[in-house]
Amino acid sequence: MSEETSTADLRAQMPGAWARFRKSYLLYSFKRDPVAQLCLLIFIIITIAAFGAPWWAPTDPYDLTGIDIMNSELPPMWLDGGDAAFPLGTDAQGRDLLSTILYGTRVSLLIGFGAVAMQCVLGILFGLLAGYFGGIIDATLMRLADIQLSFSTLMVAILVGAIVKASFGNLMFGQVALILLILIIGIAEWPQIARTVRASVLAERSKEYVDAARVMGFRAPRIMFRHLLPNTLSPIFVIATVQIANAIISEAALSFLGLGMPETQPSLGSLIKSGFDYIQSGAWWITLIPGAVLVVLVLVINLLGDWLRDVMNPRLHKG
Amino acid sequence: MALLDVRQLDVRFSSRGKAVQALRGIDFSLERGERLGIVGESGAGKSVAAFSILNLIAHPGFIAGGEITFDGHHLNRMSERQLRKIRGDRIAMIFQDPMMTLNPVLTLGAQMIECLKAHRRISTREARQIALDKLNLVQIPSPERRLDQYPHELSGGMRQRIIIAIALLLDPDLIIADEPTTALDVTIQAEIMALLTELCDTQNVALMLITHDLGVVSQVTRRTLVMYAGRIIEQGPTREIINDPQHPYTQGLLDALPQMATPGERLNQIPGAMPSLNNIPPGCAFNPRCTFATERCTREVPHFVSTGGTQVACHMVEAMLAKEKAHDTV
């Protein structure tokens with residue numbers, strides 16, 4: 001009787017997931033790192049601002065009827081000639097720059113996260129297969145990764161973009177551009193994750209718990225996804241964070257070259273590009289303000305990635 | 001019929017186009033509920049023998065010949081799918097290092113329930129109950145609580161108890177224990193071995209104990225095989241092998257035990273080292289290290305001769321027996 005109550009008491013004391021998180025090293029080091037706190041704060045603000053754009057953006061840049069060409073190239077409101085209705089000024093077509101940036105950041109973030117999700121799916125799958133089975137599967141997948149990496153993201157994008165544009169026409173392209181960019185950046189960069197996963201799997205595979213799992217009669221997929229994958233997650237987290245920043249930059253570069261998002265649904269990259277033509281004529285804000293947002297966004301994500309790497313890799317202690 | 005019957009098992013590892021023989025035709029069998037010890041130095045092929053029974057030798061190793069029969073099934077001719085039904089279910093394995101055998105990121109309960117559900121169609125609730133029963137069986141304090149703990153929260157001895165509980169989960173017929181106590185300290189070793197022996201008795205499970213610790217073998221097993229360089233060189237009842245070893249190698253192993261040495265003197269070691277697998281001397285593989293080696297030992301592979309209860313593969317023993325026989329007939 002007393003035995004039973006004591007085990008029940010002990011069970012009540014068992015920490016739940018939330019309690020474990022509260023006691024975790026992750027949270028502890030986060031609380032002691034003002035840079036990480038600031039970065040996360042800025043990142044959350046940008047994300048909320050971008051994804052809530054339809055609710056609080058002053059105008060809808062996708063709605064062509066709301067645009068007046070007479071308002072084009074107005075400077076930000078704190079400069080001479082500025083209009084309080086357009087806090088950050090307008091672009092060459094008369095769109096409110098603040099609204100356009102909010103919507104553009106949303107597109108950039110969607111592409112960044114979408115592409116990395118794609119990279120993770122491919123990279124984890126191929127990395128696990130290569131690391132677990134080894135031999136010819138490993139050799140084939142890793143050579144494939146080498147080949148993939150030897151094509152630059154830009155080249156793949158130019159090729160695919162050109163083919164899709166030629167076969168579907170510009171209008172159609174506008175509709176699929178977002179998904180297309182996610183696919184292109186996702187496929188171009190999967191080897192980064194695959195290599196990391198493979199390296200961790202090679203290290204984990206030699207441990208006895210994997211033999212034990214095989215001895216228990218588990219199938220290969222179960223061993224790979226349930227036993228090996230959770231043990232390789234921390235490097236994946238770190239690299240995925242950095243890859244989000246990279247994907248956003250890649251997208252901006254592609255859009256700047258005119259291969260990314262069309263100007264009717266601008267991302268940060270296509271905004272920078274659309275303003276680039278007017279920089280000489282004095283309308284610097286069209287390029288510089290979205291550029292600053294891009295820099296801050298990427299910097300914040302990279303700093304978060306750095307912090308995560310320091311936390312998750314106990315061998316890398318800051319001196 | 002024997003539970004496990006191994007005939008002429010030949011396991012090779014291919015390296016740079018050549019195949020080296022890790023097991024050079026070993027024969028043994030194991031009855032239901034029997035406890036068998038396999039002893040030998042590192043590299044004698046003990047663990048390879050264990051893994052080949054489950055057909056789990058890692059590449060580049062492979063079974064080149066022989067026959068492994070478990071309860072009427074020819075294990076080395078089964079498909080991977082059929083083998084998976086045997087692994088874990090009918091044959092369980094316990095590894096050397098309890099720190100490494102449990103998955104560090106899953107709770108103990110999750111690992112036990114997963115193992116049960118992989119082999120039986122039962123609900124999580126039922127699986128949890130079976131897991132609890134087995135934890136009680138291995139005498140773990142507050143088993144209910146252990147199910148929600150992670151491996152790192154337990155000590156080495158506790159973990160080895162958990163691993164024994166996992167091995168017993170599906171009521172196997174055979175447990176292969178590959179040096180189960182080597183990584184534990186001496187007092188815990190004795191506890192764990194006592195527990196394992198008792199459970200094998202009460203649950204009627206056969207035990208194949210692989211170790212280099214002759215002390216453990218003498219306490220736990222009824223029968224012992226001594227292996228050297230991929231061959232069995234002496235086999236028989238454990239008591240006879242320990243009390244009256246026939247093969248010079250077995251004698252050397254026993255003499256090398258620290259308790260056999262005179263205080264203040266050097267330990268009695270066997271000179272030399274186990275030959276590497278790609279350079280096994282012809283004849284009796286032990287001949288370069290054997291003080292009794294003759295010219296015949298470098299030429300002919302010795303065959304088993306029976307001396308009382310044990311069987312020995314040694315030319316010297318064979319010659320001695322022949323001499324005794326001649327003496328008797330005169």
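Reader: How many other C-beta atoms lie within 10 Å of B:Asn55?
Author: This is a predicted model, in which local features need pLDDT of at least 70, side-chain atom pairs count only at pLDDT 80 or more, and totals for chains, interfaces and linings use all residues. Residues are numbered from 1 along each chain as its sequence is written, while chains are lettered from A and ligands numbered from 1 in the order in which they are written. A residue is buried with 20 or more other C-beta atoms within 10 Å of its own, exposed with 12 or fewer and partly exposed in between, C-beta atoms being placed from the backbone. B:Asn55 is partly exposed, because the number of other C-beta atoms within 10 Å is 17.

Reader: Near what value is phi of B:Asn55?
Author: B:Asn55 sits in the loop between H1 and S4 of chain B, where helices (H or I, at least four residues) and strands (E, at least two) are DSSP runs numbered from the N terminus. Most residues other than glycine have a negative phi. The phi of B:Asn55, a residue other than glycine, is instead positive and near 55°.

Reader: What is the strand order of the open sheet of 4 strands in chain B?
Author: Strands of a sheet pair through backbone hydrogen bonds, either parallel or antiparallel, and two strands are taken to pair if DSSP finds at least two bridges between them. Strand S1 (residues 4-15) of chain B pairs with S2(B) over 10 bridges in the antiparallel sense, with B:Phe28 in S2(B) as the bridge partner of B:Val6. The pairing in this sheet is antiparallel, and the order in chain B is S2-S1-S4-S5.

Reader: At about what angle to S2(B) does helix H1 of chain B run?
Author: Contact requires C-beta atoms, placed from the backbone, within 7 Å, and angles run from 0 to 180 degrees between the N-to-C directions of axes, which are lines fitted to C-alpha atoms, for helices over the stretch in contact. Helix H1 (residues 46-53) lies across S1, S2 and strand S4 (61-70) of chain B, and its angle to S2(B) is about 75°.

Reader: Which residue in S7(B) is the bridge partner of B:Ile91?
Author: From strand S6 (residues 91-94) of chain B, B:Ile91 and B:Met93 point one way and B:Ala92 and B:Ile94 the other way, and all are buried. S6(B) pairs in the parallel sense with strand S7 (residues 174-178) of chain B over 4 bridges. In S7(B), the partner of B:Ile91 is B:Leu174.

Reader: Which residue takes a positive phi in the hairpin of S11(B) and S12(B)?
Author: Strand S11 (residues 304-307) and strand S12 (residues 310-313) of chain B run antiparallel and are joined by 4 bridges, with B:Ser306 partnered by B:Gln311 in S12(B). The hairpin has 2 residues between the strands, and the one with a positive phi, near 60°, is B:Gly308.

Reader: How many residues of H7(B) are buried?
Author: Helix H7 (residues 156-168) of chain B reaches 18 Å from its first C-alpha to its last, close to the expected 18 Å, a span defined as 1.5 Å times one less than the number of residues. Among its buried residues are B:Arg159, B:Ile163 and B:Leu168. H7(B) is mostly covered, and of its 13 residues the number buried is 10.

Reader: Which helix gives the most to the side of chain A that touches chain B?
Author: Across the interface, 19 residues of chain A are in contact with 24 residues of chain B. Helix H1 (2-13) and helix H9 (208-215) of chain A each supply at least two residues of chain A's side. The largest contribution, 6 residues, is that of H9(A).

Reader: Why is helix H12 of chain A described as largely enclosed by the rest of the structure?
Author: Chain A has 13 helices and 0 strands, and buried residues make up 40% of its 319 residues. The buried residues of H12(A) pack against helix H6 (97-133), helix H11 (233-256) and helix H13 (285-312) of chain A. Helix H12 (residues 268-276) is largely enclosed because, of its 9 residues, the number buried is 8.

How values were computed:
Contact = placed C-beta atoms within 7 Å.
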